[in-house]
Amino acid sequence: MPELIEVRRDLHRHPELGRQEVRTTALLKERLEQAGLEPWVLPAGTGLICDLLPEGAAADAPFLAFRADIDALPIDDAKPETVPYRSTVPGRAHACGHDLHTSIVLGLGLLLAEERDAGRLDRPVRLIFQPAEEVMPGGALDVIAAGGMDRVERIFAVHCDPKVDVGRIGLKVGAITSACDRLEISLDGPGGHTARPHLTTDLVGAVAGTAVELPALLGRRMDPRWGVSLVWGRIAAGSAANVIPRRAELEGTVRCLELDGWREAPGAIEELVGQIAETYRAKWVLDYHRGVPPVVNEAVSVGMLSDAMDRCFGPGQVEGTEQSLGGEDFSWYLEQAPGALARLGVRCLAESGSRDLHQGTFDADEGAIGVALELFTALVLG
């Protein structure tokens, strides 16, 4: 634990963004090699995979896999300067707990290396240190493209949850996160004078109409049980009070609770944008950027996590959790093999509130590292 906590703090001091995790990758590779393991770096140069094989394992034996995401977020660390592991890189912070995830899976590798050398490892295990989880559509696709899911029979991961007390995990069968896509719409017209809107295309009216009408119409086009939500984050048009602009832009996110909604959304949105733009006589371009599908936890894998928690910590340390509207690219792995994502409690028992994810003040109780390490070890050896 002292070593893993120091690794976590070292990563926290030196955060790296998605597909830039050169230092992090080198640190992990060196420590795994010191333990007698043979990790290999992904073709793009960041992220790595490490297999642990029992002596005499068949060449086609399936893996039990564990994923850690290693990238940070492009935000400032807002913790007090007295915190010794505060980020030293301006505009970069591990504000989502990926430094904990990485330390946990590193610790699993070090522990299982000892078990393997002692002849107590009886099944192949694959450790995945994935880059770019925060970059849509996610570094999980890099891992899959490099063969990281070949022969994987089942895969597990945890994600820090500041709403859950340390020592506990949250579980849910089925969708535990949501799909998340991003769209950009540009509207174009000839421009003109605000005194003569009838002679041109009123792009300000068009962009305002699109912003209001598209989410409303989408809500009537899609099955409400799919939980499709379109929310705008940016609207831009014009530069002067008496000039009708030639261009207007919208950007937003589409989130879906169900896979069916995620699959249907792009086509429905394209059709509706065309109808709305025609009403305003505006030319339009839709750039729809696919993100990630929902993480859909498989029932058997959830049961394995729950049973392992009971064995390690006694009954009562597993709680139900709601489906989040956040996106998580662990979903791509679950398109390849069954598995489950658990919400790892990181809320310090001495604190009454929580420090939410994706905020500069985020921090975690480092005791959660030991909880997840024991949980993962039980899944392998139990």
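Which residue lies over the face of tryptophan 262? Arginine 290 does, at 3.8 Å from the ring centre; a charge counts as sitting over a ring if NZ of Lys or CZ of Arg is within 6 Å of the ring centre and within 35 degrees of the ring normal. The structure is a predicted model, in which local features need pLDDT of at least 70 and side-chain atom pairs count only at pLDDT 80 or more, while totals for chains, interfaces and linings use all residues. Residues are numbered from 1 along each chain as its sequence is written, and side-chain values use heavy atoms, with hydrogens and water left out.

Tryptophan 262 also has an aromatic partner. Its ring and that of tryptophan 332 have centres 6.1 Å apart and planes at 65°, so the pair is edge-to-face. Here, rings of Phe, Tyr and Trp (its six-membered ring) pair if their centres lie within 6.5 Å, with planes under 30 degrees apart counted as stacked, over 60 as edge-to-face and the rest as tilted. The pair joins distant parts of the chain, 70 residues apart, with tryptophan 262 in helix α6 and tryptophan 332 in helix α8 (residues 330-334). Helices (H or I, at least four residues) and strands (E, at least two) are DSSP runs, numbered from the N terminus. Both tryptophans are buried, where buried means under 20% relative accessible area, exposed over 50% and partly exposed in between (1.4 Å probe, protein chains only). The whole structure holds four aromatic pairs, and Phe66, Phe156 and Phe376 form one aromatic cluster. Elsewhere, the charged end of arginine 126 sits over the ring of phenylalanine 63, 4.1 Å from its centre.

Helix α5 is a neighbour of α6. The buried residues of α5, among them Leu203, Val207 and Leu214, pack against α6 (259-279) as well as β8 (179-188), β10 (229-237), β11 (243-244) and β12 (247-256). Helix α5 (residues 203-221) bends by about 30° at glutamate 213, a kink shortly before proline 215; the bend at a residue is the angle between axes fitted to the seven residues ending there and the seven starting there.

Valine 7, in helix α1 (residues 2-13), is buried, with a relative accessible area of 11%. Not counting residues up to four places away in sequence, valine 7 touches Leu27, Ser103 and Leu106, contact meaning heavy atoms within 4.5 Å. Aspartate 117, in helix α3 (residues 98-117), is instead exposed, at 55% relative accessibility.

Definitions and conventions
Expected span 1.5 Å × (residues − 1).
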